[in-house]
Amino acid sequence: MSAINISAIEAGQLWSFHGGIHPPERKQLSNQTPIQTLPLSKTFVVPVKQHSGNSGEIMVAVGDYVRAGQPLTQPGLQRGLPVHAPTSGTVLAIDEQPIAHPSGLTDLTITLAADGQDAWYPTTPCPDYQQLSRAELLERIQAAGIAGLGGAGFPSAQKLALQRPLEYLIINGVECEPYITADDRLMREHAAEIISGTEILMQVSGCNKALIAIEENKPEAIAIFTQLLSERAATASSIALRQVPVKYPSGGEKQLIEILTGRQVPSRGLPIDVGLLMHNVGTAFAIHQAIVLGIPLIQRVVTVTGEQVDKPGNYWVRLGTPVADLLAYAGFHETTGKAAQRVIMGGPMMGFALANLQVPVVKITNCLLLPSTTELAPAQQEMNCIRCGACADVCPAQLLPQQLQWLAKAKDYDGLEQQNLFDCIECGACAYVCPSEIPLVHYYRKAKAEIRNIAREKAKAEIARERFEARQERLEREKQERLERHRQAAEARKAAQAEAVAAGADNPQDAVQAAIARAKARKAAQAAAAAKANDSAEGESS
């Protein structure tokens, strides 16, 4: 990056990204009231894996009593991210239960019966965290079970552990998807904690400059951060605020980086490849809680919104809370049959409909949307593509959505790889503008899942092949070792025969037979001596 561009970043210049759309925001439904605390449920279902990557190893058993914040899993050999008890109670079951997934999949969960006491596991606060080493801070962040709360759920400690020079740490408070206001309310009510978490992230990452990005449609949050940063003279010079123009999906990682710095993250690359690191404001808040207060990640803010709920707003929800409990408290009346009301986890652009309301809230659950049919019409019948090109015009990743859809339907996975399918951030902008009502993102998600499954099966087959080849090599090696021992024994016999010939024996075989005869005679003499000794002992006893 040139010095001119660095100076432009310092001066607050903003750039833009290709495409994007401006859907109705509909955020005022839920951002007008403070965050409420949801009462504790009677039963919690805690998925062992709530993040991308490996799960931890279970360290509790059915019948165990646990307290709020107590680890239920440990990293283990694979360094999986742990999960913690959301409250105190007894472990009822450890089994497969439905989880929040578009396909209604099941996964390993820990079911907890709450005792209503909310007794806490001992915490280890560290307000003077500046005295801790980088390794100690990383270990605390890992032990607190913190994953990115912006949606991807990547373990934060692993992200921070990457050793590369950084120019900027970016704190993402854009929250560009319609309806969702969880980050907005969090920034309004906990700005100081977010700044504290940002400072911790700067210390861990070794980066001395940070940018906090907030979309322009959040004036209250912008005003609060502006005031706090101006009051903190020591911080104001290293943490700067940026107001991002309203355009969806400006909160996407690569899109926000391009807006703030003008840099483009390469295909299949990471922000760290261009000297940047990004975390969500919710993640910064959770890191403050974990380091300064010693509180692990057991709750998050969830937006409940839409015209079909009586009390839209934002709620502090313990992880593992059944979605049905949260909706009941917010005033949602479930219907069944053909008129069943859709419940969407996530926003209208990137969310998915839930088939089961007993699935739990997890670390990446930021919104539950309950729209009426007038504000969000049900999906219409898919029609043929008319090749209008609108999808390509709005794609923020500069892909060819129409081409990707054809390749996905044809299951041409090599072609999808060549067209950079995995650069798709699944923002839904292409489907939003499609006049043929083609669910483009559905095709991409399905193709990605199939490609990942093929890769996993290929990896398993490769491991099996390597194990088979290693076994064959071992068997061949053992065979050669046996043959070598036989060869050496044969050479030893030949050498003995040669020595016998050299000693004057007429026939080497005679020498061998003589040696055998001597051995037999020796054994016979030993047997006679033993018999004589036995006879003497019997005579004395009589």
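## Strand E8, enclosed on both faces

Let's start with strand E8 (residues 168-173) of this predicted model. Six of its six residues are buried, so the strand is largely enclosed by the rest of the structure. In a regular strand the side chains alternate between the two faces of the sheet. Here both faces are covered: one side carries the buried Tyr-168, Ile-170 and Asn-172, and the other carries Leu-169, Ile-171 and Gly-173, also buried.

E8 has strand partners to look at too. With strand E11 (residues 276-280), E8 runs parallel and is joined by five bridges. Strand E9 (residues 210-215) also pairs with E8 in the parallel sense, again over five bridges. Leu-169 is a handy landmark for both pairings: its bridge partner in E11 is Leu-277, while in E9 it stands opposite Ala-210.

## Two nonpolar cores

The largest nonpolar core has 70 residues, and Phe-225, Val-323, Leu-327 and Leu-354 have the most contacts inside it. Helix H9 (residues 281-293) gives the most to this core, with eight residues. Apart from this core lies another, of 23 residues, including Leu-256, Ile-259, Met-278 and Ala-429.

What does Leu-354 touch, leaving aside residues up to four places away in sequence? Its contacts are Ala-100, Val-323, Val-343, Met-345, Val-359 and Leu-368.

## The helix H15

Which residues of H15 are buried? They are Leu-440, Val-441, Tyr-443, Tyr-444, Ala-447, Lys-448, Ile-451 and Ala-500.

Terms used
Residues are numbered from 1 along each chain as its sequence is written. This is a predicted model: local features need pLDDT of at least 70, side-chain atom pairs count only at pLDDT 80 or more; totals for chains, interfaces and linings use all residues. Side-chain values use heavy atoms; hydrogens and water are left out. A nonpolar core is a set of buried Ala, Val, Leu, Ile, Met, Phe, Trp, Tyr and Cys residues joined through side-chain atoms within 4.5 Å. Buried means under 20% relative accessible area, exposed over 50%, partly exposed in between (1.4 Å probe, protein chains only). Helices (H or I, at least four residues) and strands (E, at least two) are DSSP runs, numbered from the N terminus. Contact means heavy atoms within 4.5 Å. Two strands pair if DSSP finds at least two bridges between them.
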